Amino acid sequence: MSWTKEFVELDKKLHERKSFDCEKEELNNFIQTKAAKHALAGVSRTHVLPGKDPLENGKLPICAFYSLCPNYIERESLPDTIAKKLPRYPIPTILIGQLAVDRNCKGQGLGQITLIKALKLAQAVSDKIGGYAVTVDCLDEDAESFYRQFEFEELQRVNGKMRMFIPMNKIRAIPG
Ligand SMILES: CC(C)(COP(=O)(O)OP(=O)(O)OC[C@H]1O[C@@H](n2cnc3c(N)ncnc32)[C@H](O)[C@@H]1OP(=O)(O)O)[C@@H](O)C(=O)NCCC(=O)NCCS
């Protein structure tokens with residue numbers, strides 16, 4: 001499946017959610033049934049990379065997506081060397097709630113492209129209103145190893161998932 005150039009906000013009239021399959025049920029279920037509702041409720045925003053070729057129903061398939069929302073972490077969960085430079089209250093962050101690539105597009109660099117788009121949007125928001133880091137709650141060990149190789153560091157387990165973070169100043173150094 002070949003993809004278009006730009007990530008755009010999910011629009012259920014234009015984008016086919018049912019055919020998306022990243023081989024992780026929780027993430028398939030999110031894009032298929034929750035992402036649009038969460039956007040409507042103002043909880044999070046999901047950005048999709050549509051495929052180039054429309055399906056029979058005229059909608060575009062989704063090659064990859066990410067969703068972001070505001071969040072915070074406890075100051076005490078950060079390493080001491082970082083925490084001591086921060087105020088003594090919950091630290092504002094931006095959470096990558098979900099990020100996934102369709103099985104037909106995996107292994108071609110799209111996971112990295114999607115992650116960098118998500119990080120750069122989070123940085124653009126934090127440049128205007130603040131935000132110390134981007135965090136992610138990893139679905140499983142696969143996800144942990146994916147984020148680890150992009151310099152995310154472990155914070156703590158939250159509801160059984162490993163929470164990882166990358167400071168915004170590291171994201172600023174990423175070109176693009
Ligand atoms: C994880 C996922 C996003 C990777 O997408 P992808 O398009 O296959 O990844 P890319 O081709 O961009 O790979 C980029 C780099 O990450 C590496 N990589 C990919 N998946 C990895 C994994 N699970 N663990 C460690 N490294 C991984 C690749 O080898 C590549 O490294 P290289 O540049 O040194 O060759 C995709 O497999 C996916 O959607 N998985 C299911 C959903 C999920 O787990 N999402 C993340 C947690 S919410």
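**Group meeting talk: a predicted protein chain and its ligand**

Buried residues make up 36% of the 176 residues in the protein chain. A residue counts as buried if 20 or more other C-beta atoms lie within 10 Å of its own, as exposed if 12 or fewer do, and as partly exposed in between, with C-beta atoms placed from the backbone. Before I go on, this is a predicted model: local features need pLDDT of at least 70, side-chain atom pairs count only at pLDDT 80 or more, and totals for chains, interfaces and linings use all residues. Residues are numbered from 1 along each chain as its sequence is written.

Let me begin with the overall layout. The protein chain has five helices and eight strands. Helices (H or I, at least four residues) and strands (E, at least two) are DSSP runs, numbered from the N terminus. In sequence order the pattern is β-β-α-β-β-α-β-α-β-α-β-β-α. The radius of gyration is 16 Å, close to the 16 Å that the globule rule gives for 176 residues, so the protein chain is as compact as a globular protein of that length. That radius is taken over C-alpha atoms, and the rule is 2.2 Å times the number of residues to the power 0.38. Along the principal axes, the C-alpha atoms fill a box of roughly 55 × 30 × 30 Å.

Next, contacts. Two residues are in contact if their C-beta atoms, placed from the backbone, lie within 7 Å. Among contacts with a separation of 6 or more, 66% are between residues 24 or more positions apart.

Now the strands. Two strands pair if DSSP finds at least two bridges between them. Which strands pair with β4? Strand β2 (residues 15-16) runs parallel to β4, with two bridges, and E16 stands opposite P61 there. Strand β3 is antiparallel to β4, with six bridges; P50 has I62 in β4 as its bridge partner. β4 and β5 are also antiparallel, over 10 bridges, and Y66 stands opposite L99 in β5. Of the 14 residues of β4, 11 are buried, so this strand is largely enclosed by the rest of the structure.

On to β6, residues 133-138. Five of its six residues are buried. Strands β5 and β6 run parallel and are joined by four bridges, with L95 opposite T135 in β6.

The other pair to look at is β7 and β8, which run antiparallel with five bridges. E154 has M164 in β8 as its bridge partner. The hairpin of these strands has two residues between them, and N159 takes a positive phi near 50° in it. Is N159 buried or exposed? N159 is exposed, because 6 other C-beta atoms lie within 10 Å.

Some background on that angle. Most residues other than glycine have a negative phi. E151 is another residue, not a glycine, with a positive phi, near 70°. E151 sits in the loop between α4 and β7 (153-158). E151 counts as exposed because it has 12 C-beta neighbours inside 10 Å.

Two more residues, for distances across the sequence. K59 lies in the loop between β3 (45-50) and β4 (60-73). K59 counts as partly exposed, because it has 19 C-beta neighbours inside 10 Å. Leaving aside neighbours within four places in sequence, K59 is in contact with L14, H15, E16 and P54. The C-alpha atoms of K59 and R17 are separated by 9.3 Å, although these residues are 42 apart along the chain. N169, in helix α5 (residues 168-172), has its C-alpha atom 8.3 Å from that of Y132, 37 residues away along the chain.

What about the interior? A nonpolar core is a set of buried Ala, Val, Leu, Ile, Met, Phe, Trp, Tyr and Cys residues joined through C-beta atoms within 7 Å. The largest one has 46 residues, and F65, I96, A118, V134, M164 and F165 have the most contacts inside it. Apart from neighbours within four places in sequence, I96 is in contact with Y66, L68, A118, V134 and V136.

Last, the ligand. How many residues surround the ligand? There are 21, and the closest are K106, G111, Q112, A143 and S145. By class, the shell has 10 nonpolar, eight polar and three charged residues. Here Ala, Val, Leu, Ile, Met, Phe, Trp, Tyr, Cys and Pro count as nonpolar, Asp, Glu, Lys and Arg as charged, and the others, Gly among them, as polar.

Methods: Near = placed C-beta within 6 Å.
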